[in-house]
Amino acid sequence: MPLRLQNIRKKYGKFELAIDEHTFMDKSYNVVLGPSGSGKTTTLRIIAGLEFPDSGRILLDDEDITDLPPFKRNIGLVFQNYALYPHLTAYENIAVPLKIKKMSKEEIDKRIKRVAEILGIAGELEKYPSQLSGGQQQRVAIARALVKEPRILLLDEPLSNLDARIRIEVRGFLKELQRELEMTVIHVTHDQEEAMSIADNIVLLNAGKIVQSGSPFEIYRKPKDIFVFNFIGYSNLLPAKLLGINNADSVGFRPEDARLSNNEGILKGKVKRLQYLGSYKLIEIEIDEGRLVLVRVKPDEDWKEGDIVHIDVPISSLILFKDGVATQG
Amino acid sequence: MRKINKYIFLLSIPAVAYLFIFTIYPILSNFILSLYTQDVLGNLHYTGLDNYLWFQKDPYLLRITSNTLLYMISTPVLDVLLAIPLAVALKRVGNKWLFLIMLPAFIPPVTAASMWYLMINPFFGLAYYFTKENLASSIWTVVLVNVWRSLPMATLIIYSGLASIPKEIEAAASVDGIRGAKKLMMIDLPLIVPQIMAAFVLMTITGLFTFDPIYIGTSQAGPRILDNLAYYAFDQFYSGVPGYAAAIIVLMSIISTALSVIYIRALGSRKLVKFPAPSFLPSSDLPAWVHKVVMALYLFFFIVPMYWVIAVSLKTPIELISIPPTVIPKTFSSANYMLMFGDGLPYIITTLAVSSINTLTTLVLSAPLAYTMALHKTGGRKLLIYILYLNATPTLIYIIPLFAILKYLGIINTWWALMLTYPIMTIPVTTWILYNYYLKFPKQLEEASQMDGLNPLRTFIRTVIPLSKSGLSVAAIYAFLYSWGALVFPLAFTYSPYDLSHPLSFSGAQTFSIFIGLLMSPVSMSYGGVAAAGVISSIPPLIFLYFGRNNLQKIWGSGGV
């Protein structure tokens, strides 16, 4: 039981964070995901000790750390903009947490060398932050957080300040690092694709509440409600009546579960737009006045704008919602 | 209390406690003291409103009130009227000239006054060539000195407003064909009303509490001629009538509080006013040479007294009293400097030591306070407004109760008295400067330090201080300048120069400002010495001005509450 949140409440004006109970998975990659204003950053800051909850408890290995200030918690945090000390070299930056612990010079040096080796910044240690690239700065920030060997590593939107090109690379690196060090990582992001690709477990927040927690597969395939269904990946949501289903209000399915043909299907419409995305095509089909359905097809399927098409979806791929909540998955 | 809050409290409490004891107590104490009268033995008796009723009978009151009003009104009016063209020229010609324009503001006030009284001496001064009248007894000379010294700050405030007009608005006006005087009336002035207000009110308070020029001028003009309420109150206090002095100070406190409220409102004001822009106003830019000429005229006004004091300081004793006075010294002599250093040494030592120590004390107290105010909202709006209030409140207000405290502590006429009281005049200004500076400090660095295991106290020392060198240096310059030029506190709390035969007693604490006043007095009448002392007293501030020249705008940068 590494990190548990119990009955956490934190109010900011009209917004309230309310987490009744959550346990983060030990030695695995946890992602806290949510749209902006969902409370994910507040959750992270509460775990770090930079904010204190109005009520509730935070337990780390069954020890109550709710009232501990950040500098007394065994938690590392990598800030979104890295927050490196501009007046210190990379080496000195990484040394700060160790110097505070009154470690010997040799021990400090040994630890810094080791962490720099793991992070691939051994050659940059004498540089100042302003002389480092964004990616290197981030590695120094990670090194600074890791060097004190924290029980939990928190990452605040770690990919948001990086170029799109190196994002995928860093994504792989972060996961690898977690595996190598067998760390408990909590990574906060608003990017659902990032979350899906990296997480062992996703905690999805909306309006200050945990709406669902589970593996990326569960979140994608078995969304608990319409919010989760819509937030993750491409989705189609239609009134149940359109499909002749009576025991639900609305029905959802993923674009890749639908098939197009000229003659048979549960829905019929006109091709409105085509997006060629390399490995697949995304087709928008207007089935009603203005109501659009997304269908993902192989790139070689040859549909044209204006074509009348039939859409078929296997019953097993349909997700039924009643009052916004999924009734079967 | 959470642990974090405890540390934040520890960072802010020293300065807050100091300000509470040394400002709120004296301000309240004046009210009580004004209800008492001191007898010949020095005992106080409760006499109710007698001190206030004496206002009606006081034979000097009419003259003093009219002098006060004249200083209080003419200083800001002239300052603002003169500052606007200068600020406009500055914006056109480029702010590299700002450094020269700021010179007078950095000259210690007593020195500034002495410079002018040397200039207007009808026999030995430059005035010989212009008038045969003795301007020393004119109250307008006091106004002149006031304006000379406060105009740069008024200009800086108004210029900072002009400089902050968004480029897009300038461009839009230009596209619409609004230029020159028309643009000034239609665009510039309406947008900088808050700055004009702030400058006006600040200079009104300066005018109300005019002190140093009267202190120097009185030795030339004779008693009571130049007095205003501030000087008169001080004089009453000095001659053992503290109750009446307190009553006058209470009256002035009320006026200055009202003015401070307007000042603070003006700082935060976003109110814009429309000005009439009659169609006959030219809508074309004045050629650049006009602005240069305007600038040159102002610089001439600013620099002439400085030139004169240097020239006088280098004249031989004979040449000093030759009539007509020589504009350029015929022979250069170091006699005045020798004389000045001989007698002035104890004053210089005290002033340097006390100013340096106070600079350090001020930073140690105000930097953590400003930091917690900016990043943790310590004290909230109330504390911020109080700091601004203190900024606009002259030190004269505190002297009577402080004198009692210092007397109780047995440290009158010692360095300790000055070291204990000087932060009153410096903490508000440095806190305000640093508060604005720390508003831009990245809070994440503080949080990163805490994540690295530093508590907020160590965070402040190891992360914040190394990263705020530029802010701290501007604050240090101010703290030093205020301490270096101080007059009211040393005048009130000391009576003899530093006792060099018992250096470790640290007793005798008259400062350089007082020394200049003594040299200026009719008894010594040492014009050469005054000039030399004036030059010496200007050197440290001018060194600071030189090093701080690129940060001048930051000094009066952002504002708003």
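Author: Let's start with contact: two residues are in contact if their C-beta atoms, placed from the backbone, lie within 7 Å. This is a predicted model, where local features need pLDDT of at least 70 and side-chain atom pairs count only at pLDDT 80 or more, while totals for chains, interfaces and linings use all residues. Residues are numbered from 1 along each chain as its sequence is written, and chains are lettered from A and ligands numbered from 1 in the order in which they are written.

Reader: How many residues of domain 1 of chain A are in contact with domain 2 of chain A?

Author: Domain bounds come from an automatic or database domain assignment; here domain 1 covers 3–229 and domain 2 covers 234–328 of chain A. In the contact, 5 residues of domain 1 meet 8 residues of domain 2. The domain 1 side has 3 nonpolar, no polar and 2 charged residues. Nonpolar means Ala, Val, Leu, Ile, Met, Phe, Trp, Tyr, Cys and Pro, charged means Asp, Glu, Lys and Arg, and polar means the others, Gly among them.

Reader: And which elements of chain B touch chain A?

Author: Helices (H or I, at least four residues) and strands (E, at least two) are DSSP runs, numbered from the N terminus. Chain B brings 16 residues to the contact and chain A brings 21. Helices H1 (3–33), H21 (443–451) and H22 (456–467) of chain B each give two or more residues, and H21(B) gives the most, with 6 residues.

Reader: Now the strands of chain A: what is the order in the open sheet?

Author: Two strands pair if DSSP finds at least two bridges between them. The open sheet of 4 strands in chain A has the order E2-E1-E4-E5, with antiparallel pairing. E2 (15–24) and E5 (63–64) of chain A are the edge strands, each pairing on one side only. Between E1 (3–12) and E4 (55–60) of chain A there are 5 bridges, and Leu3(A) faces Leu60(A) in E4(A).

Reader: Is strand E8 of chain A buried or exposed?

Author: A residue is buried if 20 or more other C-beta atoms lie within 10 Å of its own, exposed if 12 or fewer, and partly exposed in between, with C-beta atoms placed from the backbone. In E8 (184–189) of chain A, 6 of the 6 residues are buried, so the strand is largely enclosed by the rest of the structure. Thr184(A), Ile186(A) and Val188(A) point one way, and Val185(A), His187(A) and Thr189(A) the other.

Reader: Which strands run parallel to E8(A)?

Author: E3 (29–33) of chain A joins E8(A) through 5 bridges, with Val31(A) opposite His187(A). E7 (152–156) of chain A also joins E8(A) through 5 bridges, in parallel.
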